[in-house]
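I opened the model and kept notes as I went. The entries below follow the order in which I looked things up.

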Amino acid sequence: MGMEQVVLLPAIPAAIFVVLALFSPLLPRRGDWLAVVGMAVVVVLALAVAFHFQDFFGHGEFDPSGENARAFEWLNLSNGLFQIDLSTYVDAITVVMLLVVSIVALMVMIYSVGYMRGEARYGWYFGALSFFTASMLLLVTAGNLMVLYFAWEAVGLASFLLIGFYWERRSAAEAAKKAFITTRIGDVGLLIGIILLWREAGTFDIQQIIEFAEGGGFDQRYLTVAMLFLFMGAVGKSAQFPLHVWLPDAMEGPTPVSALIHAATMVVAGVYLVARMLPVFDVVLVARDVVLYTGLITAFMAATMGLVASDIKRVLAYSTVSQLGFMFVALGLGSPTAAMFHLFTHAFFKALLFLGSGSVIHATHQQEIEQLGGLWRKQPLTTWTFVIGSLALAGVIPLAGFWSKDEILHAANHNLPVFVTLAVTAGLTAIYTTRLVLLTFFGEPRNHHAYEHAHESPPIMTLPLLVLAALAAVAGFVIYEGVGQALGFAGGIGQLIFAHEPEVFHFDRDLATFALAVSLGGIGIGLVYWWGTAERATRARGWAPELHALLVNRYYFDDLYQSLINYVVLGAGSVIAVFDKRVVNETGVDGGAQTVGWFGLRLKFLQTGRIPNYALAMAGGIVTLSLVAFYTS
Amino acid sequence: MSDLNFDYTLLIPELILAVAAGIVLLADAFHTELRLNRTLLPGFTVLAALAAGLTSLAWLDTSDDFATLLAVDNFTAFFRVLFAFTLATVVIGSYEFVAREIRHQGEFYAMFLLATLGASVMAASQELLTAYIGLELLSFSLYVAVSLAKRDPRSGEAGLKYVLLGGVASATLLYGLSLIYGSAGSTSYAAISETFAAGTANVELPLLLGLVLVIAGLGFKISAVPFHMWTPDAYEGAPLPVTAILSATSKAGAIALLLRLFSGPLLPVKDDWQWMLAVISLTTMVAGNLIALQQTNIKRLLAYSSIGQVGYMLLAVATISDASASALLLHLGGYTVTNLAVFMAVIAFYNRQRSERIADFRGLAETNPYLALVITAALFSLSGMPLLAGFTTKFILFQAAAQDGYLWLVAIAVVMSTISLYYYLLVIRLMYVQEPDGAPAPDPQTGRLDRPNLRWRTSPASYAVTAVLLLGTIAIGLYATPLLEAADDAAAVLFPA
């Protein structure tokens with residue numbers, strides 16, 4: 001009995017998925033309780049892994065520096081090409097991910113019981129959520145890159161299914177397709193990266209690859225290319241520039257799904273991957289710089305787009321993209337501590353914000369913040385938990401976001417341009433967060449119909465809000481050594497997750513003051529600008545229309561990609577297709593024969609026209625091959 | 001000649017197929033005199049296929065040959081089972097279709113049996129002419145089968161095209177084989193291999209031309225670009241079950257022959273042909289996938305997508321080694337299962353809707369969610385989605401090819417298989433997003449749909465066949481080891497350690 005039992009964590013929701021997919025109509029309440037109870041068990045097991053309860057795992061303690069365990073052989077090419085084991089690897093990074101995934105998934109499932117009540121395909125929804133959670137848990141416990149890749153694709157598939165949950169709605173189906181294709185582009189890069197690493201290292205095992213890289217086994221340039229391909233996967237999954245376009249559209253899915261998949265778990269898979277492989281990135285600093293600047297560009301761009309978005313969920317989506325950018329910046333600076341810490345706190349407050357927005361949508365059937373306002377009277381619990389989440393996001397002391405953002409700024413201390421950009425982005429974050437809160441919950445109601453119908457959500461939905469609000473308030477304290485030890489760990493998060501040396505956290509008063517000043521300044525600007533009457537909501541538009549249009553149109557990236565697809569891919573396809581048609585076929589058998597009626601005429605036409613062309617193409621191929629063969633021989 | 005082994009029991013699976021074909025033909029011809037019910041014909045065909053498949057298991061792990069013409073070993077067994085499985089599946093999945101759409105049912109089933117026999121001979125061949133005869137038997141049976149549709153005038157036209165061009169291809173192949181015979185002085189694989197291994201300096205030109213012609217001739221059979229022109233027409237014009245056989249048995253047979261030829265007699269001259277196959281693999285995967293983007297008929301779409309798939313398979317032949325041969329066999333197995341899943345689902349759809357236009361698949365998720373699920377899973381598998389057969393088999397295939405040095409070609413293959421996702425998703429989107437025909441618009445006030453129940457059921461036979469294929473697709477995707485072991489054993493025959 002040892003850490004290989006960790007495969008139980010993904011196995012439980014996977015089994016529940018199978019049961020729900022097959023039998024959900026036969027179960028009482030379509031089996032939602034099964035998903036919730038199963039998830040609660042997973043939370044308990046994840047806590048057991050974290051706090052090493054003797055009863056659960058034979059030899060008890062998880063080693064923060066990691067432990068590899070082989071569960072069973074999965075594929076083995078007998079000719080020795082490769083062997084893939086279903087192996088697990090557990091270290092402090094894994095534990096952080098396990099806690100985040102299981103806790104947020106449990107909260108989202110409980111919330112969904114209220115939010116999704118009465119939906120068609122209610123049972124399927126919980127089945128798909130379980131499938132997603134299983135894949136995500138497998139992803140974070142995977143000990144080798146092939147298992148990781150499998151899980152990586154499986155979460156993508158789950159995301160596809162859940163974004164497209166309302167598949168009758170055209171926009172939802174389009175968004176699902178867009179998300180799927182965009183992330184697949186990244187995934188191809190990931191796969192190529194994995195293959196490149198395997199070719200040189202001869203193994204898929206992550207720890208062996210890291211050892212091989214640290215031992216100088218790779219050619220520098222080769223490794224740089226491989227890691228950049230690998231990073232492509234992270235860019236796609238974590239919606240980083242230039243593949244960031246899918247995440248805002250993914251908001252077409254049910255809101256709890258956005259909270260789980262598109263805020264707290266799946267989108268951080270890219271961060272997790274880079275953090276996991278960071279020792280290899282450390283060997284090739286060029287690749288690490290690419291990570292840094294990709295994150296930086298994304299963080300800033302997404303924050304500016306968040307300033308003008310008018311859909312409550314889209315604001316949060318841009319915010320997520322931006323915060324993920326922060327995490328990549330931390331990784332690019334070589335600080336897994338800051339990145340994983342921010343991932344940890346962000347998961348809670350962003351899930352809280354999404355679930356809060358779901359509560360608003362549930363009550364008002366309205367997502368446009370310009371149509372909302374004044375809801376604090378009707379939905380006090382939602383409002384105040386949302387405010388806590390927003391303050392955490394804006395980085396106000398002592399809420400969770402403050403500590404982790406501070407840690408990232410600390411890591412950027414020696415790099416002035418990066419530091420300044422991060423500070424500006426942090427300010428923008430505070431501004432758009434303030435705007436979101438003010439327009440949604442305060443001021444005068446702008447749409448009275450929506451306002452009249454608003455009501456506080458049922459307890460099954462507000463309970464998860466309260467739990468997450470509590471976590472969003474206190475999760476940041478795990479940075480302190482004393483808190484970590486009180487929880488039974490060796491120390492604060494900096495002593496569990498680190499690049500080279502464990503770090504004991506010291507409160508840097510100057511930096512903290514500066515960061516707080518930026519946050520409060522942003523909030524102040526937001527308050528001055530948007531506090532008050534209804535007209536203020538849309539005022540920004542008149543101020544700088546060109547800039548506003550640029551931001552609203554998301555820097556025209558979506559249009560650019562659409563025309564790339566239209567003109568380049570489909571264009572190339574149609575050129576070749578026309579060639580095929582001209583030389584050959586298409587009209588040959590398109591049913592025109594029925595309208596002509598006289599079969600013989602068709603045949604004559606066809607004999608004189610097309611078959612020689614077909615044969616001509618063959619002859620052309622033969623002649624070309626022969627000529628090249630003779631010329632080169 | 002007395003030392004030749006004329007042990008006819010080695011050929012029991014082939015003899016079963018041949019006899020069954022004769023019986024089916026006669027039973028159909030005299031069914032009024034014998035008072036036979038024609039519905040017995042498909043049942044009998046399936047029994048014959050199962051018998052042939054099961055008996056061929058008797059020679060697992062043996063290595064024997066029939067008069068040095070046909071080898072009976074694990075490689076042959078792999079393909080015998082694959083072909084028998086394909087035949088049984090197609091016949092069960094399409095007997096309703098055949099009863100309604102096909103003239104001369106007896107002939108039709110007999111042709112299927114003979115095509116399977118021909119493909120088995122190709123897979124087992126140890127000698128050029130035997131291989132050629134197997135190929136002709138396969139081709140002629142399919143020429144007839146393509147044109148047996150009752151009402152569809154496209155069928156006759158497709159049949160004619162297929163015959164004429166097939167004739168050209170056959171002639172090409174035969175020229176090629178003659179040139180190789182001329183260069184090596186023998187038609188036996190073993191003898192050719194010995195001769196070529198000793199040096200080919202003085203026969204370089206005829207050998208090269210022979211290789212080009214053989215590759216062109218077999219390239220026609222597997223629809224490699226630019227020898228693929230007949231494929232979309234034949235796929236579209238042929239009755240659906242024949243299209244299924246064309247894409248499964250016919251292609252797998254030609255791949256088996258390619259493997260036999262290029263791993264055996266032609267291996268010593270690898271430098272002469274390797275680049276040809278690499279180039280054709282490239283053109284095939286690029287053209288197939290890009291043209292597929294433009295298609296509006298499901299059969300034409302599948303035709304071009306199958307051309308793309310052939311490109312991946314040729315990649316493995318070009319980089320032939322024990323690893324890539326076993327990867328190719330694995331891929332072929334997975335591909336056959338997935339591909340049949342699509343075709344059987346489309347046949348089930350056609351039985352009800354009488355259409356094979358992609359546009360008519362719209363709303364299938366509502367009218368028949370089960371079929372929509374089968375098609376979705378199979379298309380995802382074809383595009384190489386993990387968890388399904390297509391990913392695992394293709395991954396191992398690419399991995400094996402990359403191992404042997406064609407990294408750039410593998411990179412293109414990966415990109416192409418990503419592009420393929422786009423056109424598969426178009427079909428999937430139609431099924432899930434669009435309203436089915438005959439559905440009223442949603443109520444503008446509530447957005448709710450108040451619609452008549454448009455659901456329909458799949459027939460039990462189609463249901464069973466597609467369920468088995470769907471489970472197979474998932475099983476191979478999750479745990480490919482059993483199939484992989486079978487493929488390894490079969491490939492070990494080609495590359496004895």
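I started with helix α17 of chain B, residues 389-403. It has 15 residues and reaches 21 Å from its first C-alpha to its last. That is close to the 21 Å expected at 1.5 Å a residue, where the expected span is 1.5 Å times one less than the number of residues. I took helices (H or I, at least four residues) and strands (E, at least two) as DSSP runs, numbered from the N terminus.

Next I looked up burial for α17(B). I found 14 of its 15 residues buried, so the helix is largely enclosed by the rest of the structure. Buried means under 20% relative accessible area, exposed over 50%, and partly exposed in between, with a 1.4 Å probe and protein chains only. After α17(B) comes B:G405, with a positive phi near 105°.

A note on ground rules. This is a predicted model, in which local features need pLDDT of at least 70 and side-chain atom pairs count only at pLDDT 80 or more, while totals for chains, interfaces and linings use all residues. Residues are numbered from 1 along each chain as its sequence is written, chains are lettered from A and ligands numbered from 1 in the order written, and side-chain values use heavy atoms, without hydrogens and water.

Then I checked a helix pair. Helix α4 (residues 74-101) and helix α11 (residues 240-263), of chain B, pack at about 175° with axes 9 Å apart. That makes α4(B) roughly antiparallel to α11(B); the cut-off is over 145 degrees, against under 35 for roughly parallel, 65 to 115 for roughly perpendicular and oblique for the rest. Axes are lines fitted to C-alpha atoms over the stretch in contact, and angles run from 0 to 180 degrees between N-to-C directions.

I listed the contact (heavy atoms within 4.5 Å). From α4(B), the residues include B:F75, B:F79 and B:F83; from α11(B), they include B:L240, B:A248 and B:R260. The contact residues divide into 15 nonpolar, five polar and one charged.

Which residues does B:Y370 contact, leaving aside its neighbours within four places in sequence? I found B:T458, B:Y463, B:T466 and B:A467. B:Y370 sits in helix α16, residues 369-382. It counts as buried, at 17% relative accessibility. Its C-alpha is 9.3 Å from that of B:A467, 97 residues apart along the chain.

Last, the whole chain. Chain B has 20 helices and two strands. Of its 497 residues, 65% count as buried. Its C-alpha atoms fill a box of roughly 85 × 60 × 40 Å along the principal axes.

Key:
Ala, Val, Leu, Ile, Met, Phe, Trp, Tyr, Cys and Pro count as nonpolar, Asp, Glu, Lys and Arg as charged, and the others, Gly among them, as polar.
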